[in-house]
Amino acid sequence: SVYLTGYLELLLDTFHSKNDRGAPYVELMTPRDVDWRGAQLSLKFSLPLRKVFDWISERGVVVDLREPNVMRVAPIPFYNTFEDVHRFISVLGKAFASLV
C-alpha cells in the first residue's frame, strides 16, 4: 500500500504538478508523510473537476469524486497494480490534453 500510493504520488509530482508552462496540474491535498495518510490521495485540479472526472470515467478509470473540488484516488494493492497506477497517470495526461 505504501509503495503503490508512493508511486502514484511520484508520478503525479513528475508529470502533473504545478508548472510555469501554464499546463493543467494536480495539487495533492493529502499529507505527504506516509504516517499521516492511508492508501488514498486526495487531489485538487486546475481544470474543472467534473470534466476531468467524466473524461477519465468514460475510459474505465474508477475514482471517487468529492464535490466541490476533490477527487480521491485509492490504489489498493488487493485490487490494483503498479501498471494500473501508470495507466491512471497516462489517462489523466490525455484528459488534460483533451480538455485544454
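Select helices H2 and H3: the two pack at an angle of about 125°, with their axes 10 Å apart. The model on screen is predicted. Look along the pair for the handedness: H2 passes H3 in a right-handed crossing.

From H2, pick Lys-51, Val-52, Trp-55 and Ile-56. These meet a set of H3 residues: Phe-88, Val-91, Leu-92, Lys-94, Ala-95, Phe-96, Ser-98 and Leu-99.

**Along H3**

Select residues 82-99, the whole of H3. The helix has 18 residues. Its first and last C-alpha atoms lie 26 Å apart, close to the 26 Å expected at 1.5 Å a residue.

Go to the start of H3 and zoom in on Thr-81. A side-chain oxygen of Thr-81 comes within 3.2 Å of the backbone nitrogen of Glu-83.

Which residues of H3 are buried? Color Val-85, Phe-88, Ile-89, Val-91, Leu-92, Ala-95 and Phe-96. An α-helix has 3.6 residues a turn, so residues three or four places apart point the same way. Keep that in mind while turning the helix.

What do the buried residues of H3 pack against? Two helices are on the list: H1 (2-15) and H2 (49-57). The strands on it are E1 (26-28), E2 (41-45) and E4 (70-73).

Stay on H3 and pick Lys-94. Is Lys-94 buried or exposed? Its relative accessibility is 52%, so Lys-94 counts as exposed. The cut-off for exposed is over 50%.

**Across to H1**

H1 and H3 pack at an angle of about 25°, with their axes 10 Å apart. Angles under 35 degrees count as roughly parallel, and H1 and H3 are therefore roughly parallel to each other. This crossing is right-handed.

On the H1 side they are Tyr-3, Leu-4, Tyr-7, Leu-8, Leu-11, Leu-12 and Phe-15. On the H3 side they are Phe-82, Val-85, His-86, Phe-88, Ile-89 and Leu-92. Phe-88 and Leu-92 also belong to the H3 residues that H2 meets.

**Two stops on H1**

Pick Thr-5, in helix H1. At 1% relative accessibility, Thr-5 counts as buried, because the cut-off for buried is under 20%. A polar atom of the Thr-5 side chain lies 3.0 Å from the backbone oxygen of Ser-1. Beyond neighbours within four places in sequence, Thr-5 is in contact with Arg-37, Gly-38, Ala-39, Leu-41 and Pro-75.

Move to Glu-9, also in H1. Is Glu-9 buried or exposed? Glu-9 counts as buried, because its relative accessibility is 12%. With neighbours within four places set aside, its contacts are Leu-28, Arg-32, Arg-37 and Leu-41. Arg-37 and Leu-41 are also among the contacts of Thr-5.

**Last stop: a cis bond**

Select Glu-67 and Pro-68. The peptide bond from Glu-67 to Pro-68 is cis, with omega near 10°. Where is Pro-68? Pro-68 sits in the loop between strand E3 (64-66) and E4.

Methods: Residues numbered from 1 in each chain as written. Predicted model: local features only at pLDDT ≥ 70, side-chain atom pairs only at ≥ 80, totals over all residues. Heavy atoms only, no water. Helix = DSSP H or I, 4+ residues; strand = E, 2+ residues; numbered from the N terminus. Expected span 1.5 Å × (residues − 1). Buried < 20%, exposed > 50% of the residue type's maximum accessible area, 1.4 Å probe, protein only. Contact = heavy atoms within 4.5 Å. Polar contact = N/O pair within 3.5 Å; in protein donor to acceptor, adjacent residues only side chain to side chain. Axes fitted to C-alpha atoms, helices over the stretch in contact; angles between N-to-C directions. Left-handed = near helix turned anticlockwise from the far one by under 90°. Parallel < 35°, antiparallel > 145°, perpendicular 65-115°, else oblique.
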